Amino acid sequence: MSTSNGFHSAPSLLRSAIANHKFIITAEVMPPKGGNPSHMIKMAQLLKGRVHGVNITDGSRAVLRMSSLASAVLLKQADVEPICQMACRDRNRIALQADLMGAHALGIHNVLALTGDPVKAGDHPKARSVFDLESVRLLRTIGQLNRGIDLNEKKLPDGPLNIFAGAAIDPQSPSWSGLQKRFERKVEAGAQFFQSQLISDFERLEKFMTQIAAQAQKPILAGIFLLKSAKNAAFLNRNVPGVHIPDDIINRLATAKEPLQEGIAIAAEQIKLAQSLCQGVHIMAIRREDLIPEILDRAGIGPVDKPKTSMETPQPLEFPVLQN
């Protein structure tokens with residue numbers, strides 16, 4: 001199909017899979033740090049046919065990289081369905097709305113609404129943060145723009161948007177009540193799917209699914225991280241808040257003859273666990289995105305189906321309630 005401005009908009013793999021209750025597979029690719037996007041495009045093309053969408057990070061960990069929107073357009077031109085991450089840290093409400101309009105016009109319809117990591121965590125610690133909005137208000141903004149109204153409650157004279165909004169969630173958050181409140185607010189604000197942070201405690205994920213997520217009827221994608229070595233796992237434990245890689249996993253990596261292959265096996269095992277608990281996985285294999293097809297093969301997951309529906313907004317989803 002074509003949008004009103006003439007840009008071609010192919011049927012969405014992600015929307016179709018969600019509407020048809022498929023097990024959702026997404027993966028993450030980092031934008032380049034510079035002007036040459038060839039490596040990013042190469043990594044993303046290796047995922048074509050294996051995932052329903054490829055996330056392009058937006059200043060993850062407050063580290064400078066090419067814009068998520070520009071990178072998403074490049075992936076779309078390479079016939080890979082992008083999920084454009086959009087963080088509130090660096091832009092005010094005018095810029096965020098402008099970028100959402102631009103994304104729609106360029107055929108980028110999947111957007112993951114994020115608050116953004118603190119500037120002090122990144123490579124430009126003296127930069128000024130904005131945080132005019134945060135993720136819940138950004139989700140609400142997307143809903144308004146989809147209805148043809150801006151944040152000033154003014155009608156958009158050149159038509160509404162058609163953005164399919166997702167959100168992040170951390171089932172391992174130490175505050176259970178805070179996690180539930182935040183999740184419910186994001187659902188109420190219009191999130192259509194959720195990608196989780198790195199999951200290392202699958203009992204905690206099961207508790208989240210049964211006690212919090214089950215009634216929302218929105219797909220939850222468990223974050224699966226490719227651990228490359230025991231050193232890599234220890235680094236995550238030290239430096240990423242909320243992450244605790246269990247000792248038995250670290251010991252497996254430390255004693256393995258080929259730690260990377262052991263990491264692939266662990267990721268595949270975790271995907272199989274996730275299949276019994278939630279509606280999808282979001283795979284993060286930083287700088288080794290080329291290994292994601294092998295991880296999926298070892299997890300017994302084949303190529304994804306081609307979309308059978310158009311870019312129409314899916315009807316409310318009904319998922320079976322997971323029992324303890």
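A residue is called buried here when its relative accessible area is under 20%, exposed when that area is over 50%, and partly exposed in between, using a 1.4 Å probe and protein chains only. With that in hand, welcome to this predicted model, in which local features need pLDDT of at least 70, side-chain atom pairs count only at pLDDT 80 or more, and totals for chains, interfaces and linings use all residues. Residues are numbered from 1 along each chain as its sequence is written, and side-chain values use heavy atoms, leaving out hydrogens and water.

Let us start with some aromatic rings. Both Phe-183 and Phe-208 are buried, and Phe-194 is buried as well. The structure holds three aromatic pairs; rings of Phe, Tyr and Trp (its six-membered ring) pair if their centres lie within 6.5 Å, and planes under 30 degrees apart count as stacked, over 60 as edge-to-face and the rest as tilted. One of them joins Phe-183 and Phe-194: the ring centres are 4.7 Å apart and the planes stand at 45°, so this pair is tilted. It links distant parts of the chain, with Phe-183 in helix H6 and Phe-194 in strand E6 (residues 193–198), eleven residues apart. Helices (H or I, at least four residues) and strands (E, at least two) are DSSP runs, numbered from the N terminus.

Phe-183 also pairs with Phe-208: their ring centres are 5.5 Å apart and their planes meet at 80°, so this pair is edge-to-face. Here too distant parts of the chain are linked, since Phe-208 sits in helix H7 (residues 202–213), 25 residues from Phe-183 in helix H6. Phe-183, Phe-194 and Phe-208 together form one aromatic cluster.

Helix H6 has a helical partner too. Two packed helices are described by the angle between their axes and the distance between the axes. The axes of H5 (residues 135–146) and H6 (residues 176–189) come within 8 Å and cross at roughly 15°. Such axes are lines fitted to C-alpha atoms, for helices over the stretch in contact, and angles run from 0 to 180 degrees between N-to-C directions. H5 and H6 are therefore roughly parallel to each other, the word for angles under 35 degrees, while over 145 is roughly antiparallel, 65 to 115 roughly perpendicular and the rest oblique. On the H5 side, the contact (heavy atoms within 4.5 Å) is made by Ser-135, Val-136, Leu-139 and Arg-140, and on the H6 side by Arg-182, Arg-185, Lys-186, Glu-188 and Ala-189.

Next, follow the chain into its loops. Ser-173 is in the loop between strand E5 (164–169) and H6, and at 17% relative accessibility it counts as buried. Leaving aside its neighbours within four places in sequence, Ser-173 is in contact with Leu-179 and Arg-204. Pro-241 and Ser-173 are 68 residues apart in sequence, yet 9.6 Å apart in space, C-alpha to C-alpha. Pro-241 belongs to the loop between helix H8 (230–239) and helix H9 (247–255) and, at 72% relative accessibility, counts as exposed.

Two other loop residues have a backbone angle to look at. Most residues other than glycine have a negative phi. His-21, however, has a positive phi near 60°; this residue is in the loop between helix H1 (13–19) and strand E1 (24–29), and is partly exposed with a relative accessible area of 42%. Arg-287 has a positive phi near 65° and lies in the loop between strand E8 (280–284) and helix H11 (292–298), where its 58% relative accessibility counts as exposed.
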